[in-house]
Each structure stands twice: as C-alpha cells, then as structure tokens.
Amino acid sequence: MPASDFRWFFSQGFGDNRQPYDYQERLANGPCESRLISIPTGLGKTAAVILAWLYNRVHLQDPNWPRRLVYCLPMRTLVEQTRQEAEKWIKALHDKNLLPGKAPKVIILMGGEETNPEDRDWDLHPEDNTIIIGTQDMLLSRALNRGYAAGRARWPKDFAFLNNDCLWVFDEVQLMSTGFATSLQLQAWRDRSGMKPAIATVSWWMSATVEQEWLASAVDFVPSIVDVWKECAEQTRMLWEADIQGEFESAKRLKELLEPGTKKFHANAEGIPLKDGKEKEADYIDAAAKAVRKRMAEHGGKALVIMNAVRRACALAEKLKDVTPLLLHSRFRHRERKEWTSKVKAGNLIIATQVVEAGLDITSRVLFTELCPWPSFIQRCGRAARYPGETADVYWLDVSKDTLPYPEEELNAVKNQFTAAFKDVSLYGFRTHRENLKPEDAQRLLPYAPRFVPQSKDILDLFDTTPDLTGADIDISRYIRDGEEHDITVFWRDIPKGKNPTKANAWQPEHAELCPVPVFSKDSGFRDFAQKTQGRIWRWDYRQGWTRLNRGDAERIFPGQVFLLEQSCGGYHPEKGWTGRAEDCDFELGPWRNPAPQPVIPDEDDDDFTGTA
C-alpha cells in the first residue's frame, strides 16, 4: 500500500497488522482545527492524536499542522506512560524511514523530571518538530507567562513558543478542574481578532465524560461552543452507528467493545457502610476483605479494588496480604511506579486508589469500587473487561457517611443512580444511561464550576513579569488547579554521622527518588513523623540550601516543600509506599542515574496531582 495511506502508517507505528478505528483515521485525514474529542475510555485516544500528528506534520510534511505537539495531562503517571508510547511509535516509524529527516524529540516538562542535557534547552531549536509532554501545572503556567520551575528570564520565551505553532492536546479534561476552563480561555484569546499568534495554534480537548455546559465556563469561548459541540456530536454518532459497520478488522473489534451487557453492575452495596470512627473503619475493612474474597472465588480472574483513600487501600492490602495483592497509590517513589505497568499484568489482585482511573492499562474480571463521583465511576469501570471478548462483574462499597475527599452531594447523586434497573456499566450502558437522564440529574452527576477563570482584563497583567513591591508575582495557581495542595516531597540518602549536606548543589535528588507525602494525615502525616523520628531531616531552602530541621520545627513544614531524610528515619516500604513508620527503613537508596546528580528538584509552586491521603 502507498506510504500516504494512514491505515498503513498506523500499523507500521505499532509494528503489527493493527488497523486504526475509523474515528482515528478521520482525525488524521481531517483539518487541524480546535475540536472536542469525546471517545469512550479504552478506545485509543493517545494513539489517535500522536500518530495523526506524526503522519501529517512529519511524514507528509504538511505545513498546516503545527510543528509542536503539546500533550497536557493532569497527572504525573500519565506523563510517563504517554512518553513511553510516543517514543515507541517514533522509533518504529523512523527505523522504517517513514519520518523524513531528524526524528522528533520527546521533551518532558514535569516537576522534578531530569531532562537529558541535549534536550534541556529544547527551545534553542524552535524550527524542529517536537513533542512536549507535561503536567497541566508545568505547561499551563508557561502558557500564562509564569512558568513553574523556570527562571524569570525564561518566562517570555516559553510563553511565545507554547502559544505559537502548537497543537495543544488536553487529555482527561474531567480531571483538570479549573485548568480545563483556562485552556478554553487561552484558545479563545488565540482565536480573537487582533490577538492571534504569528503562526496558528489550535487545541484538542479529550475526555470520555464531558458536557456541553462545561465549555461555557470560559466566557470568551462561548461563541465557539455551538460549532465545536456540533462537530463532536456528529463524530460520536458516527462512532456508534457507522464505524461498527466497517469492513476492516478494527470495525469488528470496535463492535465487540461497544456491545451491551459486557459489564454487569450489582446495585446492592457489598460489605457494610463506612461510618465515622477508627474502630468502625476497621469493621468496614474486614467486611470489604470478606466480600473481595467471596467474589474472587465466584468469578476467578483478575480482581481490581479501587479505594478513595490511601489509608484504606493500605489497610485492605494488609488484611488480604495472604493472597499477595499489588498495592498502587500516590505515596510511592517514582522508581517503584515505573514497574507498575509490568506488575499489573502479572498480579491477580490489585488494590489501588485514584491513580488507576486514567493511564494504566488494566483489565479485570472483578471490579470493586468505593462510591465516587460519576466521571470517576465511569473511568473506574473502564478498568474492567477492557478488551474485546471479555466480561466483568462490578461491585461497590458504600462510603456515603464518610465522603472525603469528594463532596457529599456528588456521592449521594451517584448513589441515587444505583437502582435495581441500573445493571449495565459497559460503554453502551453508560451511553444509554446518559441519554435517559433528566437535565437536572445530569447536572448533579456531572457538575463543573471552576472558582477562578482568567478574564480578558487579566491579559495585560500576564505580560508584566516584574514583581510587586513585596517581591511577589501575580498568582496564576488558581487558574491551573483548583483545591489545596497537602503534600511535601521527600527522598532518602545514606548520610554518614557527623556529615551534613553541603549548601551548594550537591545532595540534590533525581526524579526516581522523590516520594509525595501528606503533611497533615493523622496516621502518616509528615509533621507528626518529623517530631517522632530519631533520624536527621533537612529542608531545602532556595536561598540557604539544605537546612537542618529540628524536632520542634513542625510549623516550618508546609505543603510544597522538599525534605532530605537519612535512611535511619525510615518511613518507606518498596511494596507499601510511604508508611510513616520508623521500622520501615530497609529499601534501596538512590541516586541511580548519575553518580553526582545535578540540582533538579520540584519547584515549590508545582502542585501536580498526587492523590488523596
């Protein structure tokens, strides 16, 4: 087949005979313009956008497609996985001479990420085709001329490069909170007469759960809503009605994935409801463990349990330790996280938190989920019977009396949907359910009301990068991520007695060493831990370097800081993550990549999502 055929190009990228879905082919063969992509989970949105860009911009050298693909994600784990996929496709296509000239670089912008020296100054070659993947914190802050973890002198340069000649892709927008509204506003400004960049920049917003009303959260984007939503609705219609009728193997695969009844939902809650009180939580965990054992014995196959809190996930894993569960949550070092992709395929029981809602390619025969908001529930069900020909049973655990970290009204709205008639949580079942929802019920199930959205009057302020009289800059964090940050970051080293870290650039962590830790958690909070530990702790100060933290300095510990712990402090287990227990001190220490690591640590402003304590 000719090299210009996207189906052939797609299969070459995967290195097998895999064919794209029709929606993926339409995306690659259509114009590069701002659009909303509403595709059910598990249908290859990442491959669709990256291979479409590689095909048009690099393979066909079409100048109408921007030279920079900016892939914006809400979580760190998604960044790492997206990079792996992009690099795999680029290598396969470049080795087959399907990407003329120099292969596009994949650049990571993420707090604490170590960039290769040759890639660190990616902006020195703005003429190159480049894929930039990062968290919404790092990317949106740069697009707003206030780049996190970047020197003041770099702000205007990053602002220019990320608002000119770019295809922005915002994936899993339902997890981006106020960042989604900010992205809409940025694109509206770029489209406005008199404010258009020198070379056009467009945006693609992707999600399995997005509502038309969400688009109205950005005032300046309102004139574009009708056209964007109409095109999205038409593509969705074609996916469900026309694409499954195609003659290619991919159409048959799609038809199986969209079949009704592949995931059976059990409306009665398992175990007992969770109520306030530590003793009652122990009873809840006991009942949940019994329910998991029972359903695993009934159905067989892989089981996945998704809890809303790290504390409860760890407690359940301990209760089921005889069946060797794989525990996944946000309190792990990045070194251990990198092994998750291979481990989830081998594990028979996985106990996790919200970190598996997007990104990790997990399929299960039995799924347990605690009560959660509707978008999260849809994403969690997407981790069961994920492949053609699979079936699954989905059960739920009632936490409506102890709703944190979610709003009580959102959980109650979801619980009201769990009637005897609600039995099908397949992709088809969710679509049918949404079509039958009353408008007021849909609004309760899928609310979106960001507190802060940049307005036109804020544009000039963004161009002024001088600090005020107190030395402070305009606060753009409220435009990037809603909610409060409750984590600090720690790493461990073997530090000889009597020796202190130097004030200069030694003793800086590499990305793989970093572990997010809650500050205020009752059972494993860092403030309490720091007061009890017998080991030494140092706090990173951007002016003074590493400064010793004394036992009475609890008030000096607040979210966003970085701490260096000597190994005797303990608090970490390779299979359990952060425990806050001094006896957990037997684990491998870094650094691993460089014998003398360079200073690469998270910026205090970087508040990437890390989950719930």
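Me: Which residues point one way from β15 and which the other way, and are they buried or exposed?

Reply: In this predicted model, local features need pLDDT of at least 70 and side-chain atom pairs count only at pLDDT 80 or more, while totals for chains, interfaces and linings use all residues. Residues are numbered from 1 along each chain as its sequence is written, and side-chain values use heavy atoms, with hydrogens and water left out. From β15, Ile 537, Arg 539 and Asp 541 point one way and Trp 538 and Trp 540 the other way, and all are buried (under 20% relative accessible area, where exposed is over 50% and partly exposed lies in between, with a 1.4 Å probe and protein chains only). Because five of the five residues of β15 (residues 537–541) are buried, the strand is largely enclosed by the rest of the structure. Helices (H or I, at least four residues) and strands (E, at least two) are DSSP runs, numbered from the N terminus.

Me: Which strands pair with β15, and in what sense?

Reply: Strands of a sheet pair through backbone hydrogen bonds, either parallel or antiparallel. Pairing here requires that DSSP finds at least two bridges between two strands. β15 pairs in the antiparallel sense with β17 (residues 562–566) over three bridges, where Ile 537 stands opposite Leu 565; β15 also runs antiparallel to β16 (residues 545–548), joined by four bridges, with Trp 540 opposite Trp 546.

Me: In what order do the six strands of the open sheet stand, and which are at the edges?

Reply: The order is β7-β12-β11-β8-β10-β9, with parallel pairing. β7 (263–265) and β9 (326–328) stand at the edges, each with a single partner strand, so one side of each is left without a neighbour in the sheet. The twist averages 20° from one strand to the next, angles running from 0 to 180 degrees between N-to-C directions of lines fitted to C-alpha atoms, for helices over the stretch in contact. Helix α12 (residues 310–319) packs on the sheet, touching β8, β9, β10 and β11 (366–370), and its direction makes about 155° with that of β10; contact means heavy atoms within 4.5 Å.

Me: Which residues of α10 are buried, and why do they line one face of the helix?

Reply: An α-helix has 3.6 residues a turn, so residues three or four places apart point the same way. In α10 (residues 249–257), Ser 250, Ala 251, Arg 253, Leu 254 and Leu 257 are buried. Seen down the axis of α10, these buried residues fall within an arc of 160°, so they line one face of the helix; the arc is that of the directions from the helix axis to the C-beta atoms. The buried residues of α10 pack against α1 (6–14), α9 (225–241) and α17 (427–436).
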